[in-house]
Amino acid sequence: MPSISIFDVIGPNMVGPSSSHTAGAVAIALLVKKMFNGPISKVEFVLYGSFAKTYKGHGTDRALLAGIMGFETYDLRIKNSFQLADECGLKYTFRADEKETEVHPNTVDIHISGEKAETMSVRGVSLGGGKIKIVRINGIDVDFTGEYSTLVIRHHDYPGMVAYIATSLSERNVNIAFMRLFRERKGATAYSVVESDEEIPRELLEKLREHPKVEDVMLIQV
């Protein structure tokens with residue numbers, strides 16, 4: 001029998017009219033902010049499906065902007081996110097894409113630029129009831145929710161990488177709940193996603209970065 005979350009019954013603690021279009025949007029953008037290593041200077045949000053049609057009326061634009069600034073779903077500053085973004089110098093744009101239809105109706109692409117010209121593109125989906133998942137990073141399909149403490153390691157698809165990551169976690173007594181590898185193609189860029197039901201020590205990031213095939217490590221702490 002499938003498990004039922006309390007959020008399936010009462011919904012998330014949130015500001016705004018819609019758990020899918022507001023709370024879910026905040027959660028997606030907040031998760032993306034946690035994934036990005038460094039300050040964000042510019043962001044573009046590309047909205048699809050229902051997001052594209054109703055994002056202004058449902059406050060999805062405010063919610064996404066709030067999340068990318070680090071606000072939680074219950075933060076009362078969400079309603080003032082445009083003003084706050086302008087005050088802190090964050091450049092932002094929104095674009096509705098109603099041509100691409102082969103996507104979940106509550107889908108957003110978030111394209112980020114950092115202060116040092118670093119970039120990242122992430123696709124997130126709002127599933128309802130405040131639940132979300134990340135389904136693409138820099139053009140590579142992935143699948144994780146951010147409900148667990150999560151390591152996202154970008155590396156070359158290379159023999160022994162999974163073993164190196166698992167051993168590094170084991171040496172620090174980190175229990176792996178889920179571990180999956182997503183890759184562009186054999187021998188190309190890959191993402192290993194490790195989810196743990198306990199806090200992941202930050203010192204592990206430096207250990208993983210020591211491997212010559214590791215390009216970046218992102219930590220989402222729950």
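Begin by selecting Leu127, Lys131, Ile132, Lys133, Thr145, Glu147, Tyr148, Phe178, Arg180 and Glu195, which line the second largest pocket. The model is predicted: local features need pLDDT of at least 70, side-chain atom pairs count only at pLDDT 80 or more, and totals for chains, interfaces and linings use all residues. Residues are numbered from 1 along each chain as its sequence is written, and side-chain values use heavy atoms, with hydrogens and water left out.

**The pocket**

A pocket is an open set of points on a 1 Å grid over the protein atoms alone, where a 1.4 Å probe fits, with protein on both sides within 12 Å along at least five of seven lines; lining residues have an atom within 4 Å of a point. The second largest pocket has a volume of about 180 Å³, a volume being the space filled by probe spheres set on the points, which are joined across faces, edges and corners.

Colour the lining by residue class: four are nonpolar, one is polar and five are charged. In this scheme Ala, Val, Leu, Ile, Met, Phe, Trp, Tyr, Cys and Pro count as nonpolar, Asp, Glu, Lys and Arg as charged, and the others, Gly among them, as polar.

Next, show strand 5 (131-137) and strand 8, the elements that give two or more residues to this lining. Strand 5 gives the most, with three residues. Strands (E, at least two residues) and helices (H or I, at least four) are DSSP runs numbered from the N terminus. Colour domain 1 (12-139) and domain 2 (149-220) separately: both give residues to the lining, so the pocket lies between them. The domain bounds come from an automatic or database domain assignment.

**The aromatic pairs**

A search of the whole structure finds six aromatic pairs. Rings of Phe, Tyr and Trp (its six-membered ring) pair if their centres lie within 6.5 Å; planes under 30 degrees apart count as stacked, over 60 as edge-to-face and the rest as tilted.

Select Phe45 and Phe94: their ring centres are 4.9 Å apart and their planes at 15 degrees, so the pair is stacked. Phe45 is in strand 1 (residues 40-48) and Phe94 in strand 2 (residues 91-97), 49 residues apart. Phe45 is buried, at 0% relative accessibility, whereas Phe94 is partly exposed at 21%; buried means under 20% relative accessible area, exposed over 50%, and partly exposed in between (1.4 Å probe, protein chains only).

Return to the pocket lining for Tyr148 and Phe178. Tyr148 is partly exposed, with a relative accessible area of 29%, and Phe178 is partly exposed at 39%. Their ring centres are 5.4 Å apart and their planes at 80 degrees, so the pair is edge-to-face. Tyr148 lies in the loop between strand 6 (140-144) and strand 7 (149-156) and Phe178 in strand 8 (residues 176-183), so the pair ties together parts 30 residues apart in sequence.

**Charges over rings**

Select Arg77, which lies over the face of Phe71 at 3.9 Å from the ring centre. Then find Arg123 over the face of Tyr48, at 4.9 Å from the ring centre. The criterion is NZ of Lys or CZ of Arg within 6 Å of the ring centre and within 35 degrees of the ring normal.

Which part of helix 4 (residues 60-68) is buried? Eight of its nine residues are, among them Leu64, Leu65 and Ile68. Just after this helix, Gly70 takes a positive phi of about 100 degrees.

Finish at Ala117, in the loop between strand 3 (106-114) and strand 4 (119-128). Ala117 has a positive phi of about 70 degrees although it is not a glycine, and is exposed at 64% relative accessibility.
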